[in-house]
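Q: Please take a close look at one part of this structure, the strands and how they pair. Then set that part in its wider context.

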Amino acid sequence: MSLALTIGVLTAGGVYLLLDRTFLRLVLGFVVLSHAVNLVLFAAGGADRRVEPLGSNLDPGAVSDALPQAFVLTAIVIAFSITVYMLVLAITGEESESEEETS
Amino acid sequence: MNDAVLPLLAGVPLGVAGLVAMAPRGARWVLPLTFATLIASLVVAVVLVAETRDGSSIGHGVAGWPAGISIPFVADVFSSLMLVVTGLLSLVCTWFAVVSGTGRIHLFAPFVLVLTAGVNGVLLTADLFNLFVFIEVMLLPSYGLLILAERRRGTDRSVRGSRLYVTFNLFVSTLFLAGVGLTYGIARTVNLGELAGAAQESDAVAAAVGVCLVALSMKAASFPAYGWLARAYPSTSPAVTALFSGLHTKVAIYAIYRIYAVVFDGDTRWLWIGLVAFSLTMVVGVLGAVGENTTRSILAFHMVSQIGYILLGVAIFTAAGLAAGIFYLLHHMIVKASLFLSAGAVEVRHGSARLDAVGAVARREPWLAAAFAMAALSLAGLPPFSGFVAKLTIILAAFDAGHAAVAATAIVVSLLTLLSMLKIWDAVFVSAPREDASAETAGGGVVTEQRVGMKLTAPGLVLALVTLGLGLGAEGLLSLTQVAAAGLLDTSGYVAAVLEGGVR
């Protein structure tokens, strides 16, 4: 439940930031939104009914699922690289943006 | 053929890209190696078509892991045909990029190779999460190409196009990833073989995979999310626009066909959504082109309109509809790239894409005019070009499936397409440039009387001749697309290849 609520709050915040005209806020919006999606992937692994993989002789059906965690790891790497690129774009076009707004 | 070659289609270009990226600036071996890799990929794709033309599928689990655990790579005739055409386009567009100057930018060769690897991966993978990863592999070099290719026009223009493109694609990828997560949560797998038919049995799976399909149709620039394409594509160099037009949106369309056929098993309950959205795409795209005044933005809007036609095939979902849709997809990739290259050749030489700035090109450049005319008539759907066959078969399929209104829309839209092509033809190739406009361009330091030359004309001409060939010899390709359509209607062979590997 707490996971679902967190996803909801993050998505709402992300979408709010995406609707802003400032490019930097938009980038931040994507950071928040991609966290929400990463949590969706975690939840998809059955976080509510599985336990931590601690100790030995574990039942693979009862401890946490490794596959969605691998998904999340991949997704984080991709989202991070694009975020950095977008930050560069945010700095590069700064002067032209103010022109656009006045015209 | 050994099925182990499938992952290599994505792996080898990636490896070569790494090698080429480390080359010192101006190394002589970079371009030959790049072309050799692209040609090798094309040759393998042609062999794959020959192997799968009887309707069989070739599957391979990466690194020999047992099927179900391994990452599956599967080729059937549909994906092989797509591999051939995307391979051809990468090759021709790289050729054009090298002669037009875009190819000289730093890191151009590695970007194109990574792009090829990503496209091949998307076409071959049979796993939703890997589809996401390969789409990203395809997009990351595209971001680089988009901004680097047009730097000399000032950062302003390229940054604006890039911002839109990156933002839109990141949003769509995020949405797609959410869809993959939901699918895994409900169905406990993201393997297309294990998901086969799951959406028809469970509405929850249908909703989850539906999120992926919505994301893919946004990526394909279908209505209502089409505006980004018409704004972002013309903002880069002509070679890159042609390359993107042939690869990105079309790969998303391929994924829509594949996922709807395998996971939804062609479920008839949802087809009406496609019929409405894709008909609107056709109409909105062609009307959007009316208000544009540069060749490339007109062509970009037409691309939106044509994407509606292509996706109609999957919304009809009969054997005839799918075969027509796949034929249309292959035809469209070639023709659109040809048009962008011909228009790009004019733009590179005359320094402007504005309709009123360039004129009477036909008198000075008969070959370029011929290439453009062939491709434009093919796009509008006139015989004897491949566009005629594509439009005829899709309209007939729509009639047979009882969608008369959709078929009528398609006919009206194709008339408007012809009108728009005539507008470019008249302004750029026949009539003299308007005095004030050409003076304005000349003031920008560009010589307007320069000849385009055969070097720049040839790539577009080659593709235009391919569409003529496909129109005259349509029977051969049509029979291949019919096999591909049969493979989408009865997915058991594909699913078996995903789950068990080997030739099925």
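A: Start with strand E1 of chain B, residues 58-61, which is joined to E2(B) by 4 bridges, the two running antiparallel. Strands here are DSSP runs of E with at least two residues, helices are runs of H or I with at least four, and both are numbered from the N terminus. Two strands pair if DSSP finds at least two bridges between them. One bridge links B:Ile58 to B:Ala75 in E2(B).

This is a predicted model: local features need pLDDT of at least 70, side-chain atom pairs count only at pLDDT 80 or more, and totals for chains, interfaces and linings use all residues. Residues are numbered from 1 along each chain as its sequence is written, while chains are lettered from A and ligands numbered from 1 in the order in which they are written.

The sheet is open and has 3 strands. Its order in chain B is E2-E1-E3, with antiparallel pairing. Strands E2 (72-75) and E3 (502-503) of chain B are the edges, each pairing on one side only.

Now the chain contacts. Chain B puts 21 residues in contact with 23 of chain A; contact means C-beta atoms, placed from the backbone, within 7 Å. On the chain B side, helices H5 (128-148) and H6 (155-187) each give two or more residues. H6(B) supplies the largest share, 16 residues. That side divides into 11 nonpolar, 6 polar and 4 charged residues. Nonpolar covers Ala, Val, Leu, Ile, Met, Phe, Trp, Tyr, Cys and Pro; charged covers Asp, Glu, Lys and Arg; the others, Gly among them, are polar.

Chain A has 4 helices and 0 strands.

Key
Contact = placed C-beta atoms within 7 Å.
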